[in-house]
Amino acid sequence: MTGASQRDLSILLSQRGGAVPRYTSYPTAPHFEAGLGPQMQDALFGSLDDATPVSVYLHIPFCDRLCWFCGCNTKHTLKYKPVHTYVEALLAEIAALGDRLGFRPVAGQIHFGGGSPSILSAEDMGRLGAALRRSFHVTEQTEISVEIDPSDVTEDTLAGLHELGVTRASVGVQDFDPLVQKAINRPQSFEQTRDVIAAMRAAGVGSVNIDALYGLPLQTRARLMRTIEQVISLQPDRIALFGYAHVPWVKKHQKMIKDEHLPDMHERFQQALAAGAALVAAGYDAIGIDHFARPEDGLAVAARTGHLRRNFQGYTTDQCRALIPLGASSIGAFDGGYVQNIVATGQYQDAVHAARSTASKGYRMSEDDRIRAHMIERLMCDFRIGFEALEARFGAAAEPYINEALAIAEADEDFICGADIDGFFVPEDARPFARLVAARFDAHLHGSDFRYSKAV
């Protein structure tokens with residue numbers, strides 16, 4: 001099979017450029033079952049031991065400004081009291097987990113997401129860090145990462161990041177153009193961002209990521225490329241270049257963004273291609289569908305060696321078999337399935353203080369789910385499913401899935417996938433459509449009423 005030409009991809013964009021999951025999990029979160037959370041939480045905790053490293057995700061669902069593009073579970077607050085009250089519940093949840101387990105699991109990675117975790121005071125960062133170290137074995141090898149809104153960062157914040165032992169900071173940029181920023185309600189100057197990154201590096205944060213978006217309202221290729229040039233000048237170790245997910249039926253505040261201000265699918269596609277090409281030309285390795293990293297960065301090394309993973313935070317080097325969720329709406333994962341904590345902050349806090357399960361939804365993985373999850377993850381990470389590796393992992397159970405992959409490749413009329421003697425693959429020039437290819441292996445997608453963001 002020969003790869004699709006740019007003209008073919010443009011036609012494909014018109015005909016197939018629909019909405020599919022981002023596949024940060026399989027099955028995706030809309031398929032989690034209400035009420036199953038406590039059972040899956042029990043199963044997750046029961047799968048842990050004191051020798052196998054785990055990942056920990058803490059959700060901080062607060063921001064002091066509401067960005068209209070945001071798709072996260074977050075709450076707007078101009079007062080710190082609700083944040084402090086929430087931290088008290090989070091501390092209680094961490095302590096309860098430690099008491100329940102009776103041992104301290106090794107923490108391979110700890111990630112603070114949001115919302116804006118940088119809204120936390122230095123005192124509360126220190127308290128959370130101490131609580132984590134009481135319930136988990138945090139070593140010099142533990143990666144501790146925090147999502148940063150530069151508008152939050154003060155000297156107090158920097159002191160808190162140092163106290164927490166942060167090794168990686170993920171800085172939200174989105175776009176530096178003032179017109180685009182106004183359209184998404186996120187004013188943030190290049191100078192402010194530059195100074196915050198310099199201050200964090202001086203405070204001992206060893207690695208910096210930057211998040212940028214394409215497909216934003218009033219964004220053009222020229223405006224995006226100016227932002228990309230500025231991002232490159234900040235010399236981040238990693239860059240996440242996401243497509244804006246416009247889902248106003250889920251996130252009501254996105255209705256503040258006018259549909260007529262959004263670029264059409266062809267402009268979005270060209271924005272993604274142009275920005276990606278500029279990052280590669282600047283010396284970054286392309287990772288998966290939307291990440292870029294310096295060649296010496298661990299993410300690039302993982303991609304080259306076949307160890308790249310994908311989870312709810314996107315592409316990762318995380319090799320831990322279990323992800324422990326802490327905080328409202330946080331999602332955990334392990335071999336047996338998924339568990340999601342109560343989404344509503346108040347209800348989550350009530351559950352913690354009443355010593356009830358914080359879990360709400362869950363999903364129990366079948367053997368079919370596990371095999372498809374592995375295939376989709378490898379497609380999203382490597383753009384290939386190796387048949388020999390699939391058989392080595394799943395034995396004879398892999399055969400019907402190999403046959404399914406061969407049938408999908410044979411039936412493909414879009415030139416976005418193929419098969420050879422070694423496996424199933426996505427050609428290099430069709431990689432922007434990897435989500436569409438992955439969707440062909442999604443047994444839960446067809447007949448579902450759930451609506452997703454654009455595939456490209």
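Contact is taken here to mean heavy atoms within 4.5 Å, and helices (H or I, at least four residues) and strands (E, at least two) are DSSP runs numbered from the N terminus. The model is predicted, so that local features need pLDDT of at least 70 and side-chain atom pairs count only at pLDDT 80 or more, while totals for chains, interfaces and linings use all residues. Residues are numbered from 1 along each chain as its sequence is written, and side-chain values use heavy atoms, with hydrogens and water left out.

**Exercise 1. Determine which residues of helix H2 are buried, how they are arranged around the axis, and what they pack against.**

Step 1. Buried means under 20% relative accessible area, exposed over 50%, and partly exposed in between (1.4 Å probe, protein chains only). By this criterion the buried residues of H2, which spans residues 37-46, are Gly-37, Met-40, Gln-41, Leu-44 and Phe-45.

Step 2. These residues cover an arc of only 135 degrees around the axis, which puts them on the same side of H2; the arc is that of the directions from the helix axis to the C-beta atoms. As background, an α-helix has 3.6 residues a turn, so residues three or four places apart point the same way.

Step 3. The partners of the buried residues of H2 are strand S1 (33-34), helix H3 (81-101), strand S14 (323-326), strand S15 (331-334), strand S16 (337-341) and strand S17 (359-364).

**Exercise 2. Describe the buried face of helix H10 and the residues at its two ends.**

Step 1. Within H10 (residues 298-305), the buried residues are Leu-299, Ala-300 and Ala-302. Viewed down the axis of H10, the buried residues fall within an arc of 160 degrees, so they line one face of the helix.

Step 2. The cover over the buried residues of H10 includes strand S9 (238-243), strand S10 (285-287), strand S11 (291-293) and strand S13 (314-316).

Step 3. At the start of H10, the backbone nitrogen of Leu-299 has a side-chain oxygen of Asp-297 within 2.8 Å, and just after the helix Gly-306 takes a positive phi of about 80 degrees.

**Exercise 3. Characterise the packing of helices H4 and H5 by geometry and by composition.**

Step 1. The axes of H4 and H5 (residues 155-164) come within 8 Å and cross at roughly 10 degrees, where axes are lines fitted to C-alpha atoms, for helices over the stretch in contact, and angles run from 0 to 180 degrees between N-to-C directions.

Step 2. H4 and H5 are therefore roughly parallel to each other, a description that applies to angles under 35 degrees.

Step 3. On the H4 side the contact is made by Ala-122, Met-125, Gly-126, Gly-129 and Arg-133, and on the H5 side by Asp-156, Thr-157, Ala-159, Gly-160, Leu-161, Glu-163 and Leu-164.

Step 4. The residues of this contact of H4 with H5 divide into five nonpolar, four polar and three charged, given that Ala, Val, Leu, Ile, Met, Phe, Trp, Tyr, Cys and Pro count as nonpolar, Asp, Glu, Lys and Arg as charged, and the others, Gly among them, as polar.

**Exercise 4. Place Pro-117 in the fold and list its contacts.**

Step 1. Pro-117 lies in the loop between strand S5 (106-114) and helix H4 (122-135), and its relative accessibility of 1% makes it count as buried.

Step 2. With neighbours within four places in sequence set aside, Pro-117 is in contact with Ile-60, Phe-112, Met-125, Val-146 and Glu-147. Pro-117 and Asp-149, 32 residues apart in sequence, are separated by 8.1 Å in space, C-alpha to C-alpha.

**Exercise 5. Locate the cis peptide bonds joining Tyr-26 to Pro-27 and Gly-114 to Gly-115, and the positive phi values of Gln-174 and Ala-355.**

Step 1. Most residues other than glycine have a negative phi, and most peptide bonds are trans.

Step 2. The peptide bond from Tyr-26 to Pro-27 is cis, with omega near -10 degrees, and Pro-27 sits in the loop between helix H1 (6-16) and S1. The bond between Gly-114 and Gly-115 is also cis, with omega about 15 degrees, and Gly-115 belongs to the loop between S5 and H4.

Step 3. Gln-174, although not a glycine, has a positive phi of about 70 degrees; Gln-174 is in strand S7 and, at 8% relative accessibility, counts as buried. Ala-355, likewise not a glycine, has a positive phi of about 60 degrees; Ala-355 is in the loop between helix H11 (345-353) and S17 and is exposed, with a relative accessible area of 72%.

Notes: A polar contact is a pair of N or O atoms within 3.5 Å; within protein, one must be able to donate a hydrogen and the other to accept it, and residues adjacent in sequence count only if both atoms are side-chain atoms. Angles under 35 degrees count as roughly parallel, over 145 as roughly antiparallel, 65 to 115 as roughly perpendicular and the rest as oblique.
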